[in-house]
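Good morning, colleagues. Please take a moment with the sequence and the structure before we go through selected regions.

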Amino acid sequence: MYGWHGKLLRVNLSRRTTSWEEIPPAVLKDYVGARGLGIRYLLDEVDPACDPLGPENKLIFSTGPLTGTRAPTGARYIVTTKSPLTGVLTCANSGGFFPAELRRTGVDAIVFEGCSDEPVYLWLSDGRAELRPARDLWGKTTHETTDALVAAHGPGTRVACIGPAGENRVRFASIMNDKDRAAGRSGVGAVMGAKNLKAVAVRGTTPVRLHDEEAFRSAVKRYLDRFHETYRDEPPPLRSYGTAVTVMGTQNVGVFPTRNFQTGQFEQWEALHGETLTQRFLVKPKACFSCPIACGRVTRVDEPGYEGEGEGPEYETVYSLGSDCGVADLAAVTKANYLCNELGLDTISMGATIACAMEMFEKGILTEAAVGMELRFGNARALVELTRMTAHREGFGDLLAEGSLRLATRFGHPELAVTARGQEFPGYDPRGEQGMGLAYATSPIGASHMRGDPAYIEILGVPTLIDPLEWKGKGELVAEWQNTFALIDAAGLCVFFTIRNLVTPDRHVRPTGILELLNAATGAGYTLEELERAGERIFNAERLFMIRAGSGGKDDTLPPRMLREPMPDGPAKGMVVHLSEMLEEYYRFRGWDAEGNPTPEKLRELGLG
């Protein structure tokens with residue numbers, strides 16, 4: 001077999017057993033890998049009505065056929081499970097070096113099932129898998145855990161693990177690999193903690209066999225040459241300033257979420273901008289495996305009270321812990337980011353949940369006695385302290401650990417939680433970016449920009465610029481972008497390089513470059529239409545799991561602030577999200593019925609019926 005190993009490792013944590021299985025070639029071709037394999041096995045093996053934190057739920061680590069190859073940005077893996085935050089599906093994505101090393105152990109996927117009666121970790125090396133005691137690692141941070149396992153297994157070992165937040169089942173706990181790379185959203189770390197699985201440590205030497213090495217090498221060189229020619233005179237902005245360079249764009253368009261999405265512009269935005277981060281705290285850029293971009297930030301803060309070093313913050317972090325909380329102190333935002341990485345917290349949900357609490361405090365819904373401190377917008381010290389408290393479920397942090405919707409509902413004001421399907425919004429206010437509103441409402445994991453990101457066409461103009469305030473025609477566009485992102489995730493690639501370099505430059509983002517690389521790697525002989533159909537198949541399979549978990553068209557919605565409160569100022573002043581108009585077009589284009597269910601005809605067409 002080429003491209004794929006064709007191997008799945010099944011780990012039964014209850015029985016402490018491991019076993020190897022063949023993945024049928026037809027499944028690999030139809031679902032490509034990573035995100036596709038994750039939903040295929042979750043849909044086949046997990047009861048959608050199960051308790052996300054119970055032993056019946058499964059946790060799936062999966063890679064794509066381009067993961068660990070020299071394909072540009074072939075450095076991604078996916079964690080798929082039922083989410084304890086949303087009660088539905090999640091498929092969290094991460095890069096770094098762990099995914100490539102995982103492929104070198106000879107597996108395409110690992111399925112964790114059951115629950116251990118005591119803390120364990122998985123050691124996997126070249127086809128040998130062993131569960132080992134992890135009692136001495138329980139309670140340690142992600143950095144401490146990684147250091148301990150590298151010391152135990154030697155240089156070259158790569159680690160994915162949880163911190164105290166996952167152990168304490170914080171509903172938005174992340175899984176961290178390579179210390180600071182996060183499979184961050186929807187509580188995958190809480191599922192790992194509920195299974196008493198502290199870490200996965202891997203080291204391998206098994207190569208990924210390519211069908212046509214010369215064609216693959218030639219294609220990689222051509223795409224990289226084109227990339228380097230584009231940035232011949234100056235480095236890519238993402239290398240110079242990181243993803244936080246996006247602050248200027250969202251601020252200018254008026255979609256930079258501020259004070260719990262009450263408005264879309266932050267008067268102190270420059271304090272959070274990527275250029276400011278570079279000037280104040282950057283040590284050096286950092287790349288993932290096989291990445292020419294190097295958008296990662298190695299940073300250090302020496303300011304009293306906020307000392308620390310690590311990676312980040314990224315754009316989504318400076319929005320959630322910064323503008324959304326009304327905090328312009330970049331040192332505090334960076335410190336809170338370090339804590340999220342070390343303790344294992346999703347920075348988006350962490351900041352947005354604090355922002356929700358801050359608005360509730362300012363409206364008199366929460367009191368200082370209930371919180372334990374004054375919690376007004378802009379309180380940088382409270383931001384950092386509450387981040388730490390949430391991971392340990394201390395005091396008011398125990399309520400924050402449930403996420404913003406449960407918090408706001410507890411105090412009688414669910415409308416103040418800015419979520420879709422119970423997951424906090426990323427850093428784009430959809431009142432000023434209509435396609436993003438539709439993407440949030442229909443994302444299979446709850447609000448997410450990484451399951452089909454219209455910001456590329458509505459803000460960045462990649463591959464073309466379309467009016468962000470227009471809602472007509474967005475149903476078709478968003479559906480196509482969601483299918484394309486499913487395919488990118490399944491192949492094991494990063495969207496940053498892929499969208500700009502491996503798709504046809506028109507509004508339909510046809511994955512021509514991905515097709516070339518996949519066929520050279522696997523020999524599967526995909527046509528362009530077959531590959532696009534694979535992305536559509538993955539997205540529809542995820543929709544089936546959602547519906548069976550009780551979350552269908554009735555939950556394709558947004559909070560009242562987005563639908564009934566016009567943007568108060570900025571370029572999008574007066575706008576709300578025209579969701580119902582977009583949904584009608586979206587359902588029709590997807591071949592779903594008026595309630596948002598895939599029709600029997602569509603399911604048969606995709607091989608899901």
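The bridge partner of W123 in β12 is A201. These residues belong to a parallel pair, in which 5 bridges join β7, residues 120–125, to β12, residues 197–202. Strands here are DSSP runs of E with at least two residues, helices are runs of H or I with at least four residues, and both are numbered from the N terminus. Two strands are taken to pair if DSSP finds at least two bridges between them.

A word on the source: this is a predicted model, in which local features need pLDDT of at least 70 and side-chain atom pairs count only at pLDDT 80 or more, while totals for chains, interfaces and linings use all residues. Residues are numbered from 1 along each chain as its sequence is written, and side-chain values use heavy atoms, with hydrogens and water left out.

Where do β7 and β12 sit in the order of their sheet? The order is β8-β7-β12-β9-β10-β11, an open sheet of 6 strands with mixed pairing. At its edges are β8 (128–133) and β11 (181–183), each of which pairs on one side only. On average, neighbouring strands of this sheet are turned by 20° against each other, direction ignored. Across β7, β8, β9, β10 and β12 lies helix α4, residues 142–153, which runs at about 145° to β9. For such angles, axes are lines fitted to C-alpha atoms, for helices over the stretch in contact, and the values run from 0 to 180 degrees between N-to-C directions. Contact means heavy atoms within 4.5 Å.

A second pairing is found in β14 (296–301) and β15 (308–311), which are antiparallel over 4 bridges. T299 stands opposite G310 in β15. The two strands form a hairpin with 6 residues between them, and G305 in the turn has a positive phi of about 90°.

I turn to helix α9, residues 246–253. Which of its residues are buried? They are V247, T250 and Q251, where buried means under 20% relative accessible area, exposed over 50%, and partly exposed in between, with a 1.4 Å probe and protein chains only. Seen down the axis of α9, these buried residues fall within an arc of 100°, so they line one face of the helix; the arc is that of the directions from the helix axis to the C-beta atoms. They pack against α11 (315–320) and α19 (455–460). After α9 comes G254, with a positive phi near 85°.

In the loop between α11 and α12 (330–343) we find A328. A328 counts as buried, at 18% relative accessibility. Leaving aside residues up to four places away in sequence, A328 touches F266, Q268, A271 and L272.

Helix α25, residues 579–590, has 12 residues and reaches 16 Å from its first C-alpha to its last, close to the 16 Å expected at 1.5 Å a residue; the expected span is 1.5 Å times one less than the number of residues. Its buried residues are L579, M582, L583, E585, Y586, Y587 and R590. Among the elements covering them are α18 (434–442), α20 (474–491) and α23 (528–548). Just after α25, G591 takes a positive phi of about 80°.

Finally, the cysteines. How many disulfides does a search of the whole structure find? The search finds 0, a disulfide being a pair of cysteine sulfur atoms within 2.5 Å. For C91, the nearest cysteine sulfur is that of C494, 15 Å away. C91 is buried, with a relative accessible area of 1%.
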